[in-house]
Amino acid sequence: MTIRGENSTAVFFGGVVPASEAEVHMAERIGAMLAEAGFSLVHGGYNGLMEAAARGAAAKGGEITAVTLTGKRQEWGDFNPHVTEAIHLPTLGNRLDHYFAQADVVVGMGGGVGTLHELTAALYYAGNIRPVPVLLAGPTALNLLSYLKQEEWLFETPTRPLGFLTEIVTTTDFADALTRLLTEPSGGPA
């Protein structure tokens, strides 16, 4: 199945405190490319890499949905200014379920323990529930992936292939991966 882009949803996981300006730039370009391809962007709604991806998507006319927990606004603050819709859910489990039920593709970058939770949930979901493409982008996420593979927290087996996973080093890699998702009959990584 080829992902069409139009009316498709990209879930973006990235931290509030980015590791570097290069990752901020990468997140913004990724958001822009997703919106240009017709994807709506779903993320936590806050600042850092989430805001950078939303800024890029908004610059290309994209829709940006924040998915957060009910009652956390005072503690977590306001959404970034690019959010066009907000969904408040009662539990972390509901939040993750919502992300993955909507996802046509998941993009993961660096972040804190919250992003770590989201990324590992995405890897489990894509490897065991539904093979949604997961694109891990930038040095922080790729270092995490390397560690997970090295320590055998994540490994391929005949019954649990890792074909859903694509490593993204540069924005050119992301553009190439997005093109494959939109044009290959499998809708997955090459």
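Analyst: Lys-149 and Glu-167 form a salt bridge, with the closest N and O atoms 3.3 Å apart. A salt bridge here is a side-chain nitrogen of Lys or Arg within 4 Å of a carboxyl oxygen of Asp or Glu.

User: Which parts does the pair tie together?
Analyst: Lys-149 lies in helix H6 (residues 138-150) and Glu-167 in strand E7 (residues 165-168), so the pair ties together parts that are 18 residues apart in sequence. Helices (H or I, at least four residues) and strands (E, at least two) are DSSP runs, numbered from the N terminus.

User: What are the ground rules for the model and the numbering?
Analyst: The model is predicted: local features need pLDDT of at least 70, side-chain atom pairs count only at pLDDT 80 or more, and totals for chains, interfaces and linings use all residues. Residues are numbered from 1 along each chain as its sequence is written, and side-chain values use heavy atoms, with hydrogens and water left out.

User: How accessible is Lys-149? And Glu-167?
Analyst: Lys-149 has a relative accessible area of 36% and is partly exposed; Glu-167, at 44%, is also partly exposed. Buried means under 20% relative accessible area, exposed over 50%, and partly exposed in between (1.4 Å probe, protein chains only).

User: How many salt bridges are there by this rule?
Analyst: The count comes to five. One of them joins the side chains of Arg-55 and Glu-28, at 3.2 Å from N to O. That pair links distant parts of the chain, with Arg-55 in helix H2 (residues 49-59) and Glu-28 in helix H1 (residues 21-36), 27 residues apart.

User: What does Glu-36 pair with?
Analyst: Glu-36 forms a salt bridge with Lys-60, and their closest N and O atoms are 3.4 Å apart. Glu-36 is in helix H1 and Lys-60 in the loop between H2 and strand E3 (64-69), 24 residues apart.

User: Now the helix. Which residues of H7 are buried?
Analyst: The buried residues of H7 are Phe-174, Ala-177, Leu-178 and Leu-181. They cover an arc of only 100 degrees around the axis, which puts them on the same side of H7. The arc is that of the directions from the helix axis to the C-beta atoms.

User: What do they pack against?
Analyst: The buried residues of H7 pack against H1, strand E2 (39-43), strand E5 (105-108), strand E6 (134-137) and E7 (contact means heavy atoms within 4.5 Å).

User: Which exposed residues are on the face turned away?
Analyst: That face of H7 carries the exposed residues Thr-172 and Thr-183.
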